[in-house]
Amino acid sequence: MIVNLAKSAGFCSGVKRAIDIALKTADSGEKVYMLGDIVHNEDVVRDIQQAGIKKINRLGNGKGKSLLIRAHGSSLRNLLKAIKAGYKIFDATCPMVKEIHRIAKEMESAGFRIIIIGDKDHDEVRGIAGQLKQKAIVIDNIKNVPQESLKKIKKACVVVQSTQNIDKALQILGRIKPFVKDLRFFNTICRPTRLKQNEIKALPVKNNVVIVIGSRNSANTKRLYEISKSLNKNTYRVNSKEEIRREWFRGAKKVGITAGASTPDQTTQEIIKYIKQLGSKR
Ligand code: SF4
């Protein structure tokens, strides 16, 4: 059984950078706090906590404390609140998310209403919307395009959550177009996501079985799984080797493996080793 690992599997540059900043900050002796989890992966969250970084659900008195802004950013309101509360800020927002903030703010200043194609409850989407003066329109699904609200808008600018599926985003854009006269579109899906999505279109076609590794609450892992499953029904999503079933590989000659942007290499390597062992026992 041949195992083919996608080149783009695992941590993206933004997650790597955020983890590095988090560990360096903790190493420097700062009391570091984080609003929520650094990324959507249980193993990474555990390592970060073991390094001494504490997760909080709301801001408290920040005197003598440092607050780490996660890869997917924060709203301006939360950032200012944290500064006011006395926290020293360590910003690990991914530069590609910052670029979306910049575009949204500039286009709003130029008189455009901002439309975000993305998951309504995702931190990144909240962070983008939270940079703006006017309420952003967030569209998560082609069925939820608010036609009546769009008819009232003359100028709109569409940005996309960095980890969205480009095909879905373009479908939504097509549904928005007839309603807004002056519509500007910025494809803000980040480079690592694009690379992952291109690879995941080939992996299920070239392999008999596809294993997508990542946490259940990781949005980008879910998207990779959905794309792969639509092309190859023998696609499985796992977060550890314990979830793998021997029968998935019956008769399989080639196994394709990819991993979400928040999946550590160690988890991927353990799973590859396990699958190779299964293959050698057949
Ligand atoms: S998925 Fe893209 S935007 Fe998000 S942290 Fe990774 S590189 Fe940055």
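Student: Which residue is the bridge partner of Ile116 in β8?

Tutor: The partner is Val159. Before going on, know that this is a predicted model: local features need pLDDT of at least 70, side-chain atom pairs count only at pLDDT 80 or more, and totals for chains, interfaces and linings use all residues. Residues are numbered from 1 along each chain as its sequence is written.

Student: How many bridges link β6 and β8, and in which sense do they pair?

Tutor: Strands of a sheet pair through backbone hydrogen bonds, either parallel or antiparallel. Here two strands count as paired if DSSP finds at least two bridges between them. Strand β6 (residues 113-117) and β8 pair over five bridges, in the parallel sense. Four bridges then join β8 to strand β9 (residues 182-185), and those two also run parallel. In β9, Asp182 is the bridge partner of Lys155.

Student: Why is β8 described as largely enclosed?

Tutor: Count C-beta atoms, placed from the backbone. A residue is buried if 20 or more others lie within 10 Å of its own, exposed if 12 or fewer, and partly exposed in between. Five of the six residues of β8 are buried, so the rest of the structure largely encloses this strand.

Student: What is the strand order in the open sheet that holds β2?

Tutor: The order is β3-β2-β4-β5, with parallel pairing across four strands. At the edges are β3 (54-56) and β5 (88-91), each pairing on one side only. Axes are lines fitted to C-alpha atoms, for helices over the stretch in contact, and angles between N-to-C directions run from 0 to 180 degrees. Neighbouring strands of this sheet are turned by 35 degrees against each other on average, direction ignored. Three bridges join β2 (residues 32-35) to β4 (residues 66-69). Val32 stands opposite Ser66 in β4.

Student: Which strands does α1 lie across?

Tutor: Contact is the test: two residues touch if their C-beta atoms, placed from the backbone, lie within 7 Å. Helix α1 lies across β2, β4 and β5. It runs at about 170 degrees to β4.

Student: In what order do the strands of the sheet with β1 and β12 stand?

Tutor: Read it as β1-β12-β10-β11, an open sheet of four strands with parallel pairing. The edges are β1 (2-5) and β11, each with a single partner strand, so one side of each has no neighbour in the sheet. Five bridges join β10 to β12. Ile211 stands opposite Ile257 in β12. Helix α8 lies across β10, β11 and β12, at about 160 degrees to β12.

Student: What do the buried residues of α9 pack against?

Tutor: They pack against α8, β10 (209-213), β11 (235-238) and β12 (254-259). The buried residues of α9 include Ala219, Arg223, Leu224, Tyr225 and Ile227.

Student: Which residues come nearest to the ligand?

Tutor: A residue is near a molecule if its C-beta atom, placed from the backbone, lies within 6 Å of it. Of the 14 residues around the ligand, Cys12, Gly14, Cys94, Ser162 and Cys190 come nearest. α1 (13-27), α4 (95-109) and α8 (191-206) each supply at least two residues of the shell. The most come from α1, with three.

Student: How many shell residues are nonpolar, polar or charged?

Tutor: Ala, Val, Leu, Ile, Met, Phe, Trp, Tyr, Cys and Pro count as nonpolar, Asp, Glu, Lys and Arg as charged, and the others, Gly among them, as polar. The shell has nine nonpolar, five polar and no charged residues.

Student: Is Gln134 buried or exposed?

Tutor: Exposed, with 10 other C-beta atoms within 10 Å. Gln134 sits in the loop between α5 (123-129) and β7 (137-139). Leaving out residues up to four places away in sequence, Gln134 touches Glu108 and Arg113. Gln134 and Glu108 are 26 residues apart along the chain, and their C-alpha atoms are separated by 8.1 Å.
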